[in-house]
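Let's take a walk through this one together. Have the sequence and the model open side by side as you read.

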Amino acid sequence: NTIEIFCEEVALKKKVMSIQTDSIEMGDPIPLDCTPMLLHRLFENPHLADLEAKCRKGSVGFGDVKKELFGLIWDYFAPARARREKLLSDPAEVERILKIGAEKANAKAEETLQKVRNKMGMGPHLV
């Protein structure tokens, strides 16, 4: 029940195409509250109104809806995939980012501990 945003294109497409849907006859309307349509809303499909109209008319099938959904998901996470690839190729940059994060976290933790010590009457922390 997950869609891995960093998997290969073929694997992502397979995952999206395997989203469970009701069995309906070709030409029957697709429910607008089905999982693929809910995901279209989540990913803010710019053609949602048109797709919903086609679903109501029964002029599209679940396969078409899922193919378009795959395209939305693939495009939506493209910047994140590019950033991940860049970071994977530069471990030193990852270490630098982690170090900056650790410094920020330590500073915030020390500030919080100092507030607690003051409230408890323990005064400033002596190192």
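Which residues make up the largest nonpolar core? Keep in mind that this is a predicted model. That core has 11 residues: C7, L12, V16, I19, L39, F43, L69, F70, L72, I73 and F77. Two elements, α1 (9–17) and α4, each give two or more residues to it. Of the contributors, α4 gives the most, with four residues.

Leaving aside residues up to four places away in sequence, V16 touches I3, K66, L69, F70 and I73. There's also a second, separate core, this one of nine residues, and C34, L48, V60 and V65 are among them.

Now slide over to helix α2, which covers residues 35–42 and has P36, M37, L39 and H40 as its buried residues. Look down the axis of α2 and you'll find these buried residues within an arc of 160 degrees, so they line one face of the helix. Just past the end of α2, check the backbone at E44, where phi is positive, at about 50 degrees.

If you're thinking about cysteines, how many disulfides does the structure hold? The count is zero. Take C34: its sulfur is 6.5 Å from the closest cysteine sulfur, the one in C55, and that's too far for a bond. A disulfide would need the two sulfur atoms within 2.5 Å. C34 is buried, at 11% relative accessibility, and C7 is buried as well, with a relative accessible area of 15%.

Finally, move on to helix α5 (residues 78–88) and helix α6 (residues 91–119). How do they pack, and at what angle? Their axes are 6 Å apart and meet at an angle of about 105 degrees, so α5 and α6 are roughly perpendicular to each other. On the α5 side, R83, L87 and L88 make the contact, while α6 brings P91, E93, V94 and I97.

Definitions and conventions:
Residues numbered from 1 in each chain as written. Predicted model: local features only at pLDDT ≥ 70, side-chain atom pairs only at ≥ 80, totals over all residues. Heavy atoms only, no water. Buried < 20%, exposed > 50% of the residue type's maximum accessible area, 1.4 Å probe, protein only. Arc of directions from axis to C-beta. Core = buried A, V, L, I, M, F, W, Y, C linked by side-chain atoms within 4.5 Å. Contact = heavy atoms within 4.5 Å. Axes fitted to C-alpha atoms, helices over the stretch in contact; angles between N-to-C directions. Parallel < 35°, antiparallel > 145°, perpendicular 65-115°, else oblique.
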